[in-house]
Amino acid sequence: EEVQRHLKKYISLKINTMDNIDYHTARYTQKDHKADYIEYFADKTIYLIDLIKSEKSKEFITNFQSAVNDTEKFDKINFQLSDRPLKGLNLALLHNLEYYESDEVIERGEKDPHLVMADDQVIQHITIEDFDYTSRDGRITPQVIKVFQELILKEVNSKLQLNYLTKLDYFENKGPLSFAMYVEESEQCFGLYLQSIDETGRLTYRYFSPGNISQNTDPLLATLERMRLSRKDKYSEYENHNKVAGFVIKNPDDIAMIYETNMSTISDFEYIKGILEDTLSKDKTIIVGNLTKVVEEFLKKHKEHPKFQKGQEFYETLKDYGYKETVETIRSGFNLREKPSIIKDLNDEIHRELGYFIWPPIRTVEYERSYGNILHINCFEYKGKNYYFVGVPKKGISTTPIARTTKIREFVLSRKSALQFLEIRDLFDIDLVKNGTMTVYPFPFKLLREYIDSEKRKMLKS
């Protein structure tokens, strides 16, 4: 309502319900790999390079080195200061882009010293303005883990070889795949990069110029262009390359295009609001006799329940209370540490019969009912088209706001393709790209973007 009232000249927002949709949901299966990422660098040397060369930057580098050396889980990593990038792993400190683009810095003639990776040099940059390596309580922050993740990805591209942390097992088991992505060379002029990964995890890259694409110099290019144009608005004067996130290519006949849509999922706020209102009933005064009767009737109907004894124990505790008690008194008088399954059903029955919950239902209802739009890897078909969206693992639900929306993307197949989203689902189930959660695109897209960025910087330098 707020958007429609204030921004209707610029944007249209509609809330729709997609009824009768069959979802396939894949639970997050990867374990937390933070310890693995740190262990990967054990007994390796990471060179710390100060590209700013000021007293402040010198102090920053020294303090960072001390912080990681004094942290037990990092003590196997050898951090060394260097005045230039060396063969192996390098971490370079510079200012952020905003600094180098400021008028004052430009007038001084100070250049952005961003380093370009050589064949034997893996370089990750950090900025003095934005890189917080310790929290207020002195702990190493997730930003440091993220730096390690980026170094791993850059090393994979440098060596052109996947490792055990970057889905090597997927390609060993499933076989080779290729991935492609458009890149804008100039306004409305696009080239294309093709990445191929074989069954040994070996990477190769190939570039097609805008001229190659317009002249269809390769049959594959004609297929990819045909797929892109199938989603282009015929009334628009603009091309839609930027809405093509990329392609997954199993063979010339089996291709999928991941296409950005204007749709996002949203939580069922009315349902959640009802749960929260019911949960606030802990101070409510209830007639214990009515509650006891509901519990008694429930237990008569569920004598075969495997956790019947736990339900019976709760029933017995009710005999110790007076005529009236608060919900909080009833709740605190029964230990729920084991979370027996019968309590969920009993809690729902109490709510149906008496209009209140004894225990907060958010602990007992299925997360998918409340937070389905922000959990797991999901795919579905709607009006003849295939879609997917990727949320967060259930372990991250406590830090994820329910107001979050999750972008829906279309999984477009080529004419003869039998490629299924489920075949590549595992390529989303990796926490190396987005720290602690899943990636919204197939993992090799990240490597492809890194490679494209590196190639662009090489061209600018030359």
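**Figure 1. Strand S4 within the predicted model.** Strand S4, residues 88-94, is largely enclosed by the rest of the structure, because 6 of its 7 residues are buried. A residue counts as buried when its relative accessible area is under 20%. The structure shown in this and the following views is a predicted model.

**Figure 2. Pairing of strand S4 with strands S2 and S5.** Strand S2, residues 45-50, pairs with S4 in the parallel sense over 5 bridges. Within this pairing, aspartate 50 stands opposite leucine 93 of S4. Strand S5, residues 121-127, also runs parallel to S4, and 7 bridges join the two. Here alanine 92 is found opposite histidine 125 of S5. In a regular strand, side chains alternate between the two faces of the sheet.

**Figure 3. Helix H17 and its buried residues.** Helix H17 spans residues 444-461 and contains 18 residues. From its first C-alpha to its last, H17 reaches 26 Å, close to the 26 Å expected at 1.5 Å a residue. The buried residues of H17 are Pro444, Phe445, Lys446, Leu447, Leu448, Glu450, Ile452, Ser454 and Glu455.

Figure 4. Leu7, Tyr10 and Ile11 together make a nonpolar surface patch of about 350 Å². Isoleucine 11 lies in the loop between helix H1 (2-6) and strand S1 (23-26). With a relative accessible area of 43%, isoleucine 11 is partly exposed, because this class covers values between the buried limit of 20% and the exposed limit of 50%.

Conventions: Residues numbered from 1 in each chain as written. Predicted model: local features only at pLDDT ≥ 70, side-chain atom pairs only at ≥ 80, totals over all residues. Heavy atoms only, no water. Patch = residues over 30% accessible without salt bridge, like charges linked within 9 Å, V, L, I, M, F, W, Y side chains within 5 Å. Areas by Shrake-Rupley, 256 points an atom, 1.4 Å probe, with all protein chains shown as cover. Salt bridge = Lys/Arg side-chain N within 4 Å of Asp/Glu carboxyl O. Helix = DSSP H or I, 4+ residues; strand = E, 2+ residues; numbered from the N terminus. Buried < 20%, exposed > 50% of the residue type's maximum accessible area, 1.4 Å probe, protein only. Expected span 1.5 Å × (residues − 1). Pairing = 2+ DSSP bridges.
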